[in-house]
Amino acid sequence: MSQLDWLDTLFATQRAAFNRLPMPPLAQRRQWLKALRQALIARQDELIAAIDADFAGRSADETRLAELLPSVQGLIHAEKHLGRWMKARRRAVGLAFQPASAQVRYQPLGVVGVIVPWNYPLFLAIGPLTGALAAGNRVMLKLSEATPASGQVLKSLLESVFPADMVCVVLGEAEVGQAFSRLPFDHLLFTGATSIGREVMRAAADNLTPVTLELGGKSPAIVSTTVPLADAAERIAFGKTLNAGQTCVAPDYVLVPRERIPGFIDAYREAVRRFYPRISDNPDYTAIINPRHLARLNGYLDDARRQGAQVTSLYPDETPLDRRLPPQVLENVNDAMRVMQDEIFGPLLPVVPYDHIDEAIAYINQRPRPLALYYFGYERGEQRLVLDNTHSGGACLNDTLLHVAQDDLPFGGVGPSGMGHYHGYEGFQTFSKAKAVLAKQRLNLARLIYPPYGGRLQQLVYRLFIR
């Protein structure tokens, strides 16, 4: 059997299993979540070692903080709240339709597909899996070919917890991913590049499969005129250097008041070097995932220099080793540069000047809507101004990244940065069908408006309710 035929067989097996148990009870779902959580904790060292091998240098602490911790906490949150999420919600029935009752019941969709990227191979698999299992679905995961070691470990882990007709992992190159996206899933979630997201959506359209797309884009950070530069720079440095900037919600560029740029760069340099006193042989600093992406980032730098950008390495005396690319700041950037057109996905930080907050807001609004937006300033009025006048998938005031780790907040993009959302209750809803149910018993007053039309009661109904 070919690998592509095997995909069809896996899908059919999961569909048949779902049809045998279309509404798993609360206790069963909680057991799935608990078993998954226990397996992650038990095999965390194995997962950390595999991700480190895939990156050829990924901090164990970063994997614990950015992948294991939010995965485990998301599972705990779902276990705790699932009973409330599953309860039918009563809704009002209009007077004209009494006596009757109405409710919304949440029903599993069926078989859910999840396409996982390479940058957070654990968290971006377990997060969607948590929501899909909480909602009572069967799940197929396609893991990235760029992280083969972690793919094998996660496949082994999930096979030890779930039968293949419940959860299964698919490995393989790009053609397998393309075939995966063409399966007639009841819902498909993709995390990755916008260009590939378009292809996934086209493939899903043939089956009218609903999609959740978690893409990315150029997430801006705004530094206000009054915020202490040390505060803003430290938090931006954390968001930009975690996983060496290979994060879909990393601050992509920073808008700084023109006169504050030198002070901001000094504060940013100080914060980064405090986090990482050295780069080339520092196990706390993550490597770029592979030579192709390292060449892409170096290409951005070369292109920017050719077009007049001033590039400042924060570690000018170090020679990069083992794909550990030093953080760098770019000034005098313009829209013709590739670094200002593409999502950077690396430790390069363009600094863009502005003279008034309205100019910074306009700069953001003239560009595709980003996955995240970050504002640094303690004045409440300007915070509201920025939030009210910009669009982004999510936002942080005076922080970066951490909104994604909040289990009770939805995570998702808008426009070119994605569609739909998951995490927590919103994840449960995404992978459920909200079924509207109207219930009546023996008494049926609606028969008073049945044909033939023109009676006095119908005229009375019109006078009472069409006004």
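These notebook entries record what I looked up in a predicted model of one protein chain.

**Entry 1. Overall dimensions**

I began with the chain as a whole. Its C-alpha trace spans about 90 × 60 × 35 Å along the principal axes. I counted 15 helices and 16 strands in the secondary structure assignment. Of the 467 residues, 53% count as buried. The accessible surface comes to about 21,000 Å², and carbon and sulfur atoms account for 54% of that area. I then looked up the sequence separation of the contacts. Among those between residues at least 6 apart in sequence, 74% join residues at least 24 apart.

**Entry 2. Domains and their interface**

I next noted how the chain is divided. Domain 1 consists of 3–215 + 418–434, and domain 2 covers 220–405. Their C-alpha centres lie 31 Å apart. To the contact between them, domain 1 contributes 17 residues and domain 2 contributes 21 residues. The area buried between the two domains is about 1,500 Å², with 53% of it given by carbon and sulfur atoms.

**Entry 3. G216**

I turned to G216, which lies in the loop between β7 (211–214) and β8 (220–223). Is G216 buried or exposed? G216 counts as buried because its relative accessible area is 1%, and the cut-off for buried is under 20%. Leaving aside residues up to four places away in sequence, I found that G216 touches T194, C248, E343, P370, L371 and S417. I also checked G216 against F345: the two are 129 residues apart in sequence, yet their C-alpha atoms are 9.5 Å apart in space.

Where does L445 lie? L445 is in the loop between β16 (432–439) and α15 (456–465). L445 is classed as partly exposed because its relative accessible area is 42%, which falls between the 20% limit for buried and the 50% limit for exposed.

Terms used: Residues numbered from 1 in each chain as written. Predicted model: local features only at pLDDT ≥ 70, side-chain atom pairs only at ≥ 80, totals over all residues. Heavy atoms only, no water. Helix = DSSP H or I, 4+ residues; strand = E, 2+ residues; numbered from the N terminus. Buried < 20%, exposed > 50% of the residue type's maximum accessible area, 1.4 Å probe, protein only. Domains from an automatic or database assignment. Contact = heavy atoms within 4.5 Å. Buried area = accessible area lost by both parts, 1.4 Å probe. Areas by Shrake-Rupley, 256 points an atom, 1.4 Å probe, with all protein chains shown as cover.
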